[in-house]
Amino acid sequence: MQQKIIILDFGSQTTQLIGRRVRELDTFCEILPYNKFPVGDESVIGVILSGSPFSVHDPEAFKVDLSQFVGRIPVLGICYGAQFISFANGGKVEKADSREYGRANLCEFDCSNPLFKGFVPNSQVWMSHGDTITAIPEGYRCIASTANVKYAAYASMVQPVWAVQFHPEVFHTTQGTQLLRNFVVDICHSRQDWSAASFVDTTVAELKEQIGEDRVILGLSGGVDSSVAAVLLNRAIGKNLTCIFVDHGMLRKNEFRDVMHDYECLGLNVIGVDASEKFFADLAGVSDPEQKRKIIGRDFIEVFNAEAKKIKDAKWLAQGTIYPDRIESLNITGKVIKSHHNVGGLPKEMHLSLCEPLKWLFKDEVRRVGRQLGMPEHLITRHPFPGPGLAVRILGDITPEKVRILQDADDIYIRGLREYKVKLSGEEARRVLAAGVPANMKDGEIEVSLYDQIWQACTILLSTVRSVGVMGDERTYEHPVALRAVTSTDAMTADWAHLPYDFMAKVSNEIINKVRGVNRVCYDISSKPPSTIEWE
Ligand code: XMP
């Protein structure tokens, strides 16, 4: 049986991070709404209660019946989780004199407690709470304090319950991973057998069982999620998988050809559909961003459906949905928000069942699975690319000529990012490694390309703008392009990347010299929010 840790989500922004940290310990975990503990599930080896934007005293605060698991399996409360355990057992939680926020040090801790195995004196922790515990329940004892927080951590003397008011999941708690390892491995006895290899083995076996001899359709986008899902399914059911890859004419330069080649090398059964003429015809003269998206979405479904219908006896529609797309995250109003992307309205009469083999994985795990499956690195580390493609990167209406200009400029930029190497250390190196980029640490440094250092890069053609330039003896009156590069972990927020000046100078020069139709290059220095990553 696959062991798992349950993380009960009380609405904290860092709940997903707890999940990722547990997975990094090669232990499977599920994030569930605070009131959805799976009573009776024998595979659960431990429970973590997350933080929350609420105070335990708020009338609408999320509450859980602790008797469902306390005394049965080990429990770790984090921040609000710690305050709730205290509050629910007769301890006291009060408003802190001042909000306890930021770095602190554990000036006292019980080094004999298994939660603190390996901890060094004055270990740095990260606090973020408005309430504080002023008395712990009977039967519990304090196991760590900071200068300002007496009950930084406490534990039951009779049951396997631990609680910390700081956040072990965040980077600034320097021994946070050690604490989580102590809980997950030593206290909950995780076998640490959740790995890309074990995932591939069990998923392939499950897919064989689930699908049998049925036929499956999968829409490929060239992106990492759908590609990994396809290769995994191909390993399980081979030629019974038919993939459809639609070219709407607004992919990157040569992308349709290159990606089709990659897919064929991977042994996938792919139908490539060049529908660019239809898309260009339907988009002619349309410059409103929403209108463009609607037309592309509608045309895409039409083209995809026409191909899917040719696969007469298909029973399943496979998708590259990943875990963050599905997690039911809670917002402060208590409403459960479910975000789920769908390949959009396949006709009901096809009666297809949904198959989502990556639905338990975080993005970096998808990449690890891709490597385990032997997929080429350039396919695995590819930046996200929007469904409507370059159409949302051309301001104004779209023509094949504008797409050609943008493709040429973008190709120079992206190739440049791949070729330019940088050395990273400290937090930056750790962030890049955590995202699944393969690099070896040497003397505290890693070497990666600029492309791998950033989340996403794109070029935007400002085709509604013209400016004057001079080339040789000729006056030019042409369009600018904007270059954009952002760092991010989930695309919800993003910072503009501080690219080296010598790189920008070289790329700008090459674009203006080589791309007919462009005489100016700008760099977008806006972060999200308030801007978005794409321009339209
Ligand atoms: P924004 O522009 O909203 O983008 O900051 C956030 C992330 O989503 C991608 N994106 C899309 N992906 N269809 C997609 O499949 C779309 O219509 C779409 N719009 C934006 C964008 O590239 C970024 O990674």
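Helices (H or I, at least four residues) and strands (E, at least two) are taken here as DSSP runs, numbered from the N terminus. The structure is a predicted model, in which local features need pLDDT of at least 70 and side-chain atom pairs count only at pLDDT 80 or more, while totals for chains, interfaces and linings use all residues. Residues are numbered from 1 along each chain as its sequence is written, and side-chain values use heavy atoms, with hydrogens and water left out.

Asn 122 is placed in the loop between β6 (108–109) and β7 (124–135). Leaving aside residues up to four places away in sequence, Asn 122 touches Asn 105, Leu 106 and Cys 107, contact being defined as heavy atoms within 4.5 Å. The C-alpha atom of Asn 122 is separated by 8.5 Å from that of Thr 146, 24 residues apart along the chain.

Elsewhere, an open sheet with parallel pairing is formed by five strands in the order β13-β12-β11-β14-β17, where two strands pair if DSSP finds at least two bridges between them. Because β13 (270–274) and β17 (353–355) each have a single partner strand, they stand at the edges, and one side of each is left without a neighbour in the sheet. Strand β11 (residues 215–220) is joined to the parallel strand β14 (residues 314–318) by four bridges, and Val 216 has Trp 316 as its bridge partner in β14. Helix α5 (residues 224–237) lies across β11, β12 (241–247), β14 and β17, running at about 160° to β11; axes are lines fitted to C-alpha atoms, for helices over the stretch in contact, and angles run from 0 to 180 degrees between N-to-C directions.
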